[in-house]
Amino acid sequence: MGDTTRRRRRVAPYVSLGVGLVMVGLFAVFLLVEPSRDSAETALLDRAAPAVTGEYADGTQFELARRRGSWVVLNFFTSTCIPCRNEHPELVAFVEGQRALGIDGVEFYTIVQNDDPGAVEAFFDEFGGDWPVVYDIDFSFQNGFGVAQVPETWIIDANGIVRGRIISEVSAEFLATSIQTLRERL
Amino acid sequence: MTRASINTSLKGWAGWAALLFVIVGLLAVGGTRDRGPLDPSDRVDEISRHVACPVCDGESVFESRNPASEAIRAQIRSAVAEGAATDDEILAAVADAYGARVLLVPRSSGFDSLIWVLPATAAVMGIAALSVTFRRWRREAASGLRATPDDYAAVDRARREREANSDG
Amino acid sequence: MSAALGNAGLLVALIGASVGALSTAMSIIGDNRRALRQAPMYAAVILFGALLAVVAMEWALFARDYSIDFVQRVGSSSTPGLYNLAAMWSALEGSILLWVMVLALFTAAVALRFRRRSDDALVGWALVVMYGVMTFFALVSFGPASPFAPGPTVPVGFDGPGPNPLLQNHVLVLFHPPILYLGYVGFTVPFAFAIAALITGRVGEGWLLETRRWALFAWGFLTVGILLGGWWSYEVLGWSGVWAWDPVENASLLPWLTSTAYIHSVLVQQRRGMLRVWNLSLLVATFALTILGTFLTRSGVVNSVHAFAAGEVDGYLLGFFAIVVLVSLGLIGWRGDMLRAPGRIDSPVSREGAFLANNVIFTLFAFIVLLGTVFPLLVEVFQDRQTVVGAPYFDRLSMPIGIVLLFLMAVAPVLPWRTTSTETLRVRLFWPAWLGAAALGIAVVAGADGFAPLVAFTCGGFAAGSALRQLALATRRQGVAGLVGRANGGMLVHLGVIIIAVALASSNSYTHSATLTARIGETVSWSGHTFEFVGVTSTIDARAEVVSAEVVLDGGKSYAPAVTTYLRQGMTVPTPSVRTGVTHDVYLTIDGNDPPTKDASEVVLRVFLKPLILWLWIGGAVMAIGTVLSAVPSRRHRRATAPTSEDLGVERG
């Protein structure tokens, strides 16, 4: 066994090269990675909306499952969130537009997360809007739809199937045309 | 028998067998009475440690005091109170609504399985490398190989250098 | 005024470092010994510049000099006293400045220590590396992360928000970051000598003996810094934990793991002249990981509660990391084979065999922590979706690793060098193993359950037995002086680690919690404790509103967990109140986000019973004492032995 020669075998350059290649890969990952962003993808899309319940301000119950038969739009909201305030005029416009459609219009609900009814009423008094407001008292909307941050807007069709989710602010026009396209597609 | 010889015989195989017996016995007693979480609150804590707060940076629902985490904790709490679902089912329900990205333990399928496979591979490779090296060393020792003059020179140099340094 | 002084200081440090690096390198290459003897002088210039910058920064913070952008962000007239001092390291720019300061101190210490030998090429190159690293940090601090950049004009009477509220309500904030930095930055010194050894191709252990103590020093500070971080988390964050496997925490653990591997395997090199390249690589890895950790956590590529806002700095850090890694790898590839030692290890069951196993496990541990930390980035790049890897993953993998390490700690100290017989092991390990059984017995009697923690307690007792055996032998031979020196100081460190491991295993496995609701005046009992709800008090000042609930625990002392709302930041921070005990802590926090109002009739408390937490800090203190003792040279001098092993079995350690 030619041990002395074997012992002086050149190993270090290859090992260094191997480690170096792995490190270059790591650098590439660091350079390529983009800051994470929120995605509107949801496992609930094209599946039945969760059977969740909430309460109106007067304490009567709201059951989502009973709204089948017409399209439903849910807007998740708190009175302190700035984007909610920004999009509110758009929502008012959207609801007016839908009411003009009569029977074909969607039902629109504001779902209040973790907020004080007084503050919510004051908000609607100030910024307008007279559609029903539902309080998510036991987090069932929040956890059922997986809404971690407001505002979010969800579209549910007449059969109670989730058809769309919009994260952050929404415009009246975008919402109306999205629903129009969805209706035509189905 | 002298004290020393008692000591020696104690440390013989009999003493070790007794030790093994004691340890296995105690482990059997302690290991089998695994009670799991003591009460519902502990179980809620344990499950919520496995869920990431969906809006904060890297905290778990257990640590975070964000309203979103509050909501998820409420869901876990009510599921635990109902008592029907297992921990995994509760986690699956949370992940269903909020997406798999809230799970703090990556799934063991697809790309995510790499996070389990790579450490296992590394461990196996480490052990294999160690045993191969030791086998080679043992072969060399058996072949009666001696240190070369080169090696002695290296040691001498190192020794001189070391002694020179220890003065300073 | 402060801004000008500070900028001048940083510029002095930058020029001193860059000129020092270049001229020292030139003098070594040109073999200009006279010039080389001047090399340590640059360190004095750098130190002066860094001191000037830090004094200017602190002056600006205490004087609330709102012409400086950094002070606008972290300064406030309402920040209590000394926390102004800590405000410097509460944001990115100031923490880089702290890095510059600590690095300047180390550079000066190296220059002072080796001032008479600076014409030695090895010392010269080490100084070049130190100056080079210093140049980088001074450049970052002078340029993209300047703490002295002018801010927008502010109206008269402007007052800043102050540091993040979490960084101004506990005294540990004053100590944790500087101590951690002493650890991080301290590894620059052994790294510099490792690079110098590679450049000069100096075979031999000389450089290593020089830097072993520096590495030990850095390691000790890193250990204490990490533990203080855990303590801060426990006392301040209110979720009752000490370690969350957050990317920032992982970033501090990674160099700790590789340097722990190093301080073990370096003993094999000192004794047997083996593992030279491996040891160099561990030092390089340790240094590179401190830079990588800083990049990961300061650039915002991984999500962490500790992350500072991103800036241009991340590009600089990544570039520097790339340079460090590629240059080091290049040098190792070039010189590695030359440095490789002949010789072999005779038996896996020997001291050096145990050290090898230790290194494999620590490296594996470091790999797992690194993988878990960067895995979300890999998923993002390759699959374009978000994932998180959290505590449960790391817990699951670190548990078996911890148990194996404890077992190794039990067996390794009694193993002789070179080889051993089963009889030696049987005799030497007998009482330590019974101590393991005793630990298991105590745990079982105390009601512990679950297989994994019980195995951990057994191995912990076993390892403690071995450490105690070595210490007993040493003190029997030499009295108290036997505790001094590398081997026995090391055993004390082992004892500290074991105490911490047992405390972690039990607090992770047996924490018990409840949510208690009671009306004022009511007494609730739970899990062997009684809680009398006395009342809610509220205080308010310009800085914050503090609502605290007074609770009398077990009819004795009263505790007041609180919720503090910082008015300027609009941030609500829970402050736990802890009764520390020998067997367990009672950890009280106010539940939920909304603090109870002053006249609330009902309070909801969240209570944790956390076993053995006190022992984490005791173990940390034992580790620190052991580190100090092992850095003191022992009287017993050992001679290096032959590199190969033909005279097998002659030596019985």
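This is a predicted model: local features need pLDDT of at least 70, side-chain atom pairs count only at pLDDT 80 or more; totals for chains, interfaces and linings use all residues.
Local features need pLDDT of at least 70 and side-chain atom pairs count only at pLDDT 80 or more, while totals for chains, interfaces and linings use all residues. Residues are numbered from 1 along each chain as its sequence is written, and chains are lettered from A in the order in which they are written, with ligands numbered from 1.

Chain C contains 20 helices and ten strands. Helices (H or I, at least four residues) and strands (E, at least two) are DSSP runs, numbered from the N terminus. The C-alpha atoms of chain C occupy a box of roughly 80 × 65 × 55 Å along the principal axes. In chain C, 59% of the 653 residues count as buried. A residue is buried if 20 or more other C-beta atoms lie within 10 Å of its own, exposed if 12 or fewer, and partly exposed in between, with C-beta atoms placed from the backbone. Of the chain C contacts between residues at least 6 apart in sequence, 74% join residues at least 24 apart. Contact requires C-beta atoms, placed from the backbone, within 7 Å.

The largest nonpolar core has 271 residues. Such a core is a set of buried Ala, Val, Leu, Ile, Met, Phe, Trp, Tyr and Cys residues joined through C-beta atoms within 7 Å. Ala13(C), Val100(C), Ala126(C) and Ala196(C) touch the most other members. Helix H7 (residues 121–142) of chain C gives the most to this core, 16 residues. Apart from this core lies another of 23 residues, including Leu516(C) and Phe531(C).

Between chains B and C, 60 residues of chain B contact 71 residues of chain C. H6(B) supplies the largest share of the chain B side, eleven residues. That side divides into 29 nonpolar, ten polar and 21 charged residues. Ala, Val, Leu, Ile, Met, Phe, Trp, Tyr, Cys and Pro count as nonpolar, Asp, Glu, Lys and Arg as charged, and the others, Gly among them, as polar.

Helix H2 (residues 13–32) of chain B packs on helix H18 (residues 451–478) of chain C at about 145 degrees, with axes 9 Å apart. Axes are lines fitted to C-alpha atoms, for helices over the stretch in contact, and angles run from 0 to 180 degrees between N-to-C directions. Ile23(B), Leu27(B), Gly30(B) and Gly31(B) of H2(B) meet Phe451(C), Leu454(C) and Thr458(C) of H18(C). Four of the residues in this contact are nonpolar, three polar and none charged.

Chains A and B meet through 14 residues from chain A and 16 residues from chain B. H5(A) gives the largest share of the chain A side, four residues.

Most residues other than glycine have a negative phi, and most peptide bonds are trans. The bond from Val150(A) to Pro151(A) is cis, with omega near -5 degrees. Pro151(A) sits in the loop between H5 and strand E6 (152–156) of chain A. Asn114(A), not a glycine, has a positive phi of about 50 degrees. Asn114(A) is partly exposed, with 18 other C-beta atoms within 10 Å. Ser527(C), also not a glycine, has a positive phi of about 50 degrees. Ser527(C) is partly exposed, with 13 other C-beta atoms within 10 Å.

Notes
Two residues are in contact if their C-beta atoms, placed from the backbone, lie within 7 Å.
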